[in-house]
Amino acid sequence: MTTLSNNSAKAQAHTNIALIKYWGKKDEQLIIPYTSSLSLTLDRFYTQTTVRFNSDNDRDSVQINGQFISGKAWQRVHDFLTIVRDLAGIHLAAEVSSTNFVPTAAGLASSASAFAALAAAASKAAGLKLSKTDLSRLARRGSGSACRSIFGGFVEWQRGTSDADSYAQPLSQVGLNDVKVIALTTESGPKPISSRQGMNRSVATSPYYPTWIKVAQHDLIDIKVAIAAGDFTKFGSISELNAMRMHALTLSADPDFTYFNSETLAIMNEVKRLRHAGIECYYTIDAGPNVKVIVQSANATKIADTFTKLLGQNRVTTLSAGPGVHYL
Ligand code: ADP
Ligand code: DP6
Ligand code: CO
């Protein structure tokens, strides 16, 4: 089959910040993780992607932020499109045009919004009508964290054991409704070690990896209780601790590495200082030097102002819970 009635679609997906981190693949091909994870989808960081399957081209073309890409990043999109083509039974090349309203590859989860948007746009353009669960399973094949960006708000990715049962779902019990995340950008350029490389090295060489699998499972149970009960203190403390436990896997890898820079450490200290001064906030950090400060609405402006004084206005972004993937 080489004809499609409506071969183009545009979708928008938002990034998410993991509070219980995904850090390691049991199955690298299918992206089945060792552990379940939990995130909050964010409103002001997102990706918009248009996909068109075109019978005139013989090769996929991919533009990100107006630039045609090649090499590894192209291959990743091409491989993903091939999964979609196989599902739909089509053999057409695609034209992909994507805009990130978030820094790319900087540890602010561009791969999450990118592959969630691509999954939605490409599947629709290919003539597929996928359920949210199947979209989550598909997005997972592009980037693990992308499976959570199909949904808005608090989302859990249940690790599952196979392609069929490894997907995300929104949390059903949420008693925390005024959480905000202040993203502090210390570097907006691409990180030297991608999330994929970093987690693979941690799995392969950190002697603490088996312990992480156990601990992350308990952290997830505990944070879900805190979210259901609306216990911000417990929620923030577990998030901060889980992030540090993840980063301990990079420090204990061989060769060892870290995503932190000196500003990352300075911000962590400032968060602790604010907390000791009675202004409640916690930090979490993904695979990059940028820090997300977890706060409640009532304190958000005060805390954002503190960091604006230290870093300047354009490096401080206050985010709220955001929506799931949608078509434009
Ligand atoms: P991040 O912290 O930004 O998620 P990752 O290392 O996980 O960093 O992923 C970054 C990679 O995701 C990029 O190098 C590129 O391959 C891919 N990516 C990011 N944005 C897009 C996009 N809009 N479309 C396609 N691929 C993208
Ligand atoms: C630290 O989902 O970007 O942000 O599956 O290889 O694309 P791939 O990795 P990715 O890893 C995210 C790592 C993290 C934690 C998280 O988002 O859960
Ligand atoms: Co990523």
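Colleague: How much of the contact in the chain, between residues at least 6 apart in sequence, joins residues at least 24 apart?

Modeller: That share is 75%. Two residues are in contact here if their C-beta atoms, placed from the backbone, lie within 7 Å. Bear in mind that this is a predicted model: local features need pLDDT of at least 70, side-chain atom pairs count only at pLDDT 80 or more, and totals for chains, interfaces and linings use all residues. Residues are numbered from 1 along each chain as its sequence is written, while chains are lettered from A and ligands numbered from 1 in the order in which they are written.

Colleague: How many helices and strands does the chain have?

Modeller: There are 8 helices and 14 strands. These are DSSP runs numbered from the N terminus, with helices being H or I of at least four residues and strands E of at least two.

Colleague: And why call the chain as compact as a globular protein of that length?

Modeller: Because its radius of gyration is 19 Å, close to the 20 Å that the globule rule gives for 328 residues. The radius is taken over C-alpha atoms, and the rule is 2.2 Å times the number of residues to the power 0.38.

Colleague: OK, domains next. What does the domain assignment give?

Modeller: Domain 1 (8-175) and domain 2 (180-319), with bounds that come from an automatic or database domain assignment. Their centres, taken over C-alpha atoms, are separated by 23 Å.

Colleague: How many residues of each domain are in contact?

Modeller: 30 residues of domain 1 touch 40 residues of domain 2. On the domain 1 side, β1 (8-20) and β4 (37-54) each supply at least two residues, and β4 gives the largest share, 6 residues.

Colleague: Now the ligand. Why does ligand 2 lie between the domains?

Modeller: Both domain 1 and domain 2 give residues to the shell around ligand 2, so it sits between them.

Colleague: Which residues come nearest to ligand 2?

Modeller: Of the 15 around it, Ala-18, Ser-143, Gly-144, Ser-145 and Arg-196 come nearest. A residue counts as near if its C-beta atom, placed from the backbone, lies within 6 Å.

Colleague: How does that shell divide into nonpolar, polar and charged?

Modeller: It has 6 nonpolar, 6 polar and 3 charged residues. Ala, Val, Leu, Ile, Met, Phe, Trp, Tyr, Cys and Pro count as nonpolar, Asp, Glu, Lys and Arg as charged, and the others, Gly among them, as polar.
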